[in-house]
Amino acid sequence: MESNVSDMIMASIYNEWELDADDRKMIDEMGLEGAEAICAMHVALGHMFAHNPQLAALWPTTPNKALNNLAPMDVIRRDGMAGLRRVRGFLDLTW
């Protein structure tokens, strides 16, 4: 049952962020560390944009000056786990 709940949580985040099948597969292949990082990012974005959940949902796919004008998902696609750690670290410092 635990796996089903975690699958549902990840699917919910993927849907909210409008990630395509390739992005979902890439993150799923990162295993537990990838899932934990995505969940932590989701929580941080929820706090940062508590006044506007739509902004929280758009943030992962919107270019960001702090990430050399790349969208966070672009950094993750380009750098894999290292990119995911970088984006998560950025969010950890901002909220």
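Student: Which residue caps the N-terminal end of helix 2?

Tutor: Asp 20 does. This is a predicted model, so every value here is computed from it. A side-chain oxygen of Asp 20 lies 3.1 Å from the backbone nitrogen of Asp 22.

Student: Which residues of helix 2 are buried?

Tutor: Use the cut-off: buried means under 20% relative accessible area. In helix 2, Asp 23, Met 26 and Ile 27 are buried. Now look down the axis of helix 2. The buried residues fall within an arc of 95°, so they line one face of the helix.

Student: What lies on the other side of helix 2?

Tutor: Ala 21 and Lys 25 are there, and they are exposed. Exposed means over 50%.

Student: Let me take Asp 23. Why does it count as buried?

Tutor: Asp 23 has 5% relative accessibility. The limit is 20%, so Asp 23 counts as buried.

Student: Which residues does Asp 23 touch, leaving out those up to four places away in sequence?

Tutor: Asp 23 touches Met 73 and Arg 77. Met 73 belongs to helix 5, residues 72-79.

Student: Which residues of helix 5 are buried?

Tutor: Pro 72, Met 73, Val 75 and Ile 76 are buried. Seen down the axis of helix 5, these residues fall within an arc of 155°, so they line one face of the helix.

Student: What follows helix 5?

Tutor: Gly 80 does, and its phi is positive, near 65°.

Student: Where is Asn 68?

Tutor: Asn 68 sits in the loop between helix 4 (53-58) and helix 5. Asn 69 is also found in the loop between helix 4 and helix 5.

Student: Is Asn 68 buried or exposed?

Tutor: Asn 68 is exposed, with a relative accessible area of 59%.

Student: And Asn 64, buried or exposed?

Tutor: Asn 64 is buried, at a relative accessible area of 14%. Asn 64 too is found in the loop between helix 4 and helix 5.

Student: What lies around Asn 64?

Tutor: Leave out residues up to four places away in sequence. Asn 64 then touches Trp 59, Asn 69, Leu 70, Ala 71 and Phe 90. There is also a polar atom pair to find. A polar atom of the Asn 64 side chain lies 2.8 Å from the backbone nitrogen of Ala 66.

Student: How far apart are Gln 54 and Leu 93?

Tutor: Count in two ways. In sequence, they are 39 residues apart. In space, they are 21 Å apart, C-alpha to C-alpha. Gln 54 lies in helix 4. Gln 54 is exposed, with a relative accessible area of 53%.

Student: How do I read a pocket?

Tutor: Rolling a probe the size of a water molecule over the atoms shows where empty space is left. Here, the largest pocket has a volume of about 220 Å³.

Student: How many residues line the largest pocket?

Tutor: The lining has 13 residues. Ser 6, Asp 7, Met 10, Asp 28 and Ala 35 lie nearest the centre. Helix 1 (2-17), helix 2 (21-28) and helix 3 (31-48) each give two or more residues to the lining. Helix 1 gives the largest share, 6 residues.

Student: What is the lining like by class?

Tutor: The lining of the largest pocket has 8 nonpolar, 2 polar and 3 charged residues.

Definitions and conventions: Residues are numbered from 1 along each chain as its sequence is written. This is a predicted model: local features need pLDDT of at least 70, side-chain atom pairs count only at pLDDT 80 or more; totals for chains, interfaces and linings use all residues. Side-chain values use heavy atoms; hydrogens and water are left out. On a 1 Å grid over the protein atoms alone, a cavity is a set of points where a 1.4 Å probe fits but cannot get out, and a pocket is an open set with protein on both sides within 12 Å along at least five of seven lines; lining residues have an atom within 4 Å of a point. Grid points are joined across faces, edges and corners, and a volume is the space filled by probe spheres set on the points. Helices (H or I, at least four residues) and strands (E, at least two) are DSSP runs, numbered from the N terminus. Ala, Val, Leu, Ile, Met, Phe, Trp, Tyr, Cys and Pro count as nonpolar, Asp, Glu, Lys and Arg as charged, and the others, Gly among them, as polar. Buried means under 20% relative accessible area, exposed over 50%, partly exposed in between (1.4 Å probe, protein chains only). The arc is that of the directions from the helix axis to the C-beta atoms. A polar contact is a pair of N or O atoms within 3.5 Å; within protein, one must be able to donate a hydrogen and the other to accept it, and residues adjacent in sequence count only if both atoms are side-chain atoms. Contact means heavy atoms within 4.5 Å.
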